[in-house]
Amino acid sequence: MLFLRTVAFYFVTVLWWVVYWLAVLIPVLAVMFLLPAQRSRHYLRIFLLYFGLSMVRIVWRPFFKVRFEDRTGGCREPGILIANHRSAIDGFLVSLPRRNMVQTVNGWPLRIPVLGWFALSAGYLNITGWDSETLLEHAKDALDSGDGIVAYPEGTRSESRNMNPFHSGIFQVALELKVPVYMFCIAGNEYMPDRKFRFREFRDLAVRLIGPLEKEQVSQCATAYVLKNKVFRIMSGELVSMDAELDHEKNI
């Protein structure tokens, strides 16, 4: 039964991938050729946002549900959103706050046919392929357009309830650009899927947006090392609580 559900999951995922991008191809091309580069990137991010949102809220709903809570008090100021990274579906889950954002990615996703081209055109940030000055320049461009930035400072999937240590790069960007830092906590999907793209289980997930650390609080951190450790501690505590809640609900 688990195998059949996994096959069905990937079938509808690929099907919607094709349908969505064929449907928006003409509007996307119009945006790219008719608008200035910065505005073009902004609107391409909107197409990517609703692709992710439709996947989570519609296509994947028969397989699992996602409970999302926004605990930011309605703060919408563009900043850097730090997400923990348990599985390959995290890049879709970050659409849940319905905020237009550019994601940081390793080099390989940018080489995926079609989607990688859209991501490059939308100004996604190559966190491993650029030097610090180039990363800072592109991050500033995204924030100046009114969009936020999503980063996964663990660098790779943890596939467990424990976060991997954070890298400092994106926290240095936050310090230099003096922007707020939000925290996006994802619980329940450590085996959905694993590194071999197998689902060991299907279960409902909990996602929570907390913070932000305001610009003043970010500036009070002397270094990126101090800032990343502060964010790590806050998110670790939140995730322990969220995992306990999911376990309790599962056992009821």
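Strands β6 (residues 181-187) and β7 (residues 205-213) run antiparallel and are joined by six bridges; strands here are DSSP runs of E with at least two residues, helices are runs of H or I with at least four, and both are numbered from the N terminus. Within this pairing, Met 183 has Ile 210 of β7 as its bridge partner. The model is a predicted one, in which local features need pLDDT of at least 70 and side-chain atom pairs count only at pLDDT 80 or more, while totals for chains, interfaces and linings use all residues. Residues are numbered from 1 along each chain as its sequence is written, and side-chain values use heavy atoms, with hydrogens and water left out.

Helix α6 spans residues 169-177, and its buried residues are Ile 170, Phe 171, Val 173, Ala 174 and Leu 175. Buried means under 20% relative accessible area, exposed over 50%, and partly exposed in between, with a 1.4 Å probe and protein chains only. Lys 178 follows α6 and has a positive phi, near 55 degrees.

Strand β2 runs parallel to β5 (residues 148-151), with three bridges between them, and Ile 80 is partnered by Ile 149 of β5. Four bridges link β2 with β6, again in the parallel sense, and Ala 83 stands opposite Phe 184 of β6.

In the loop between β2 and α3 (90-93) lies Arg 86, which counts as buried because its relative accessibility is 2%. Its side chain joins that of Glu 190 in a polar contact of 2.9 Å; such a contact is a pair of N or O atoms within 3.5 Å, and within protein one must be able to donate a hydrogen and the other to accept it, with residues adjacent in sequence counting only if both atoms are side-chain atoms. Beyond its neighbours within four places in sequence, the contacts of Arg 86 include Arg 157, Glu 159, Ile 186, Leu 239 and Asp 243.

Turning to the helices, α2 (residues 37-59) and α5 (residues 132-144) pack with their axes 10 Å apart, at an angle of about 75 degrees. They are therefore roughly perpendicular to each other, the class for 65 to 115 degrees; angles under 35 count as roughly parallel, over 145 as roughly antiparallel and the rest as oblique. Gln 38, Arg 41 and Arg 45 of α2 meet Asp 141, Ala 142 and Asp 144 of α5. Ser 145 sits in the loop between α5 and β5, and its side chain makes a polar contact of 3.4 Å with that of Asp 147. Apart from residues up to four places away in sequence, Ser 145 touches Gln 38, Arg 39, His 42 and Arg 45.

Notes
Two strands pair if DSSP finds at least two bridges between them. Axes are lines fitted to C-alpha atoms, for helices over the stretch in contact, and angles run from 0 to 180 degrees between N-to-C directions. Contact means heavy atoms within 4.5 Å.
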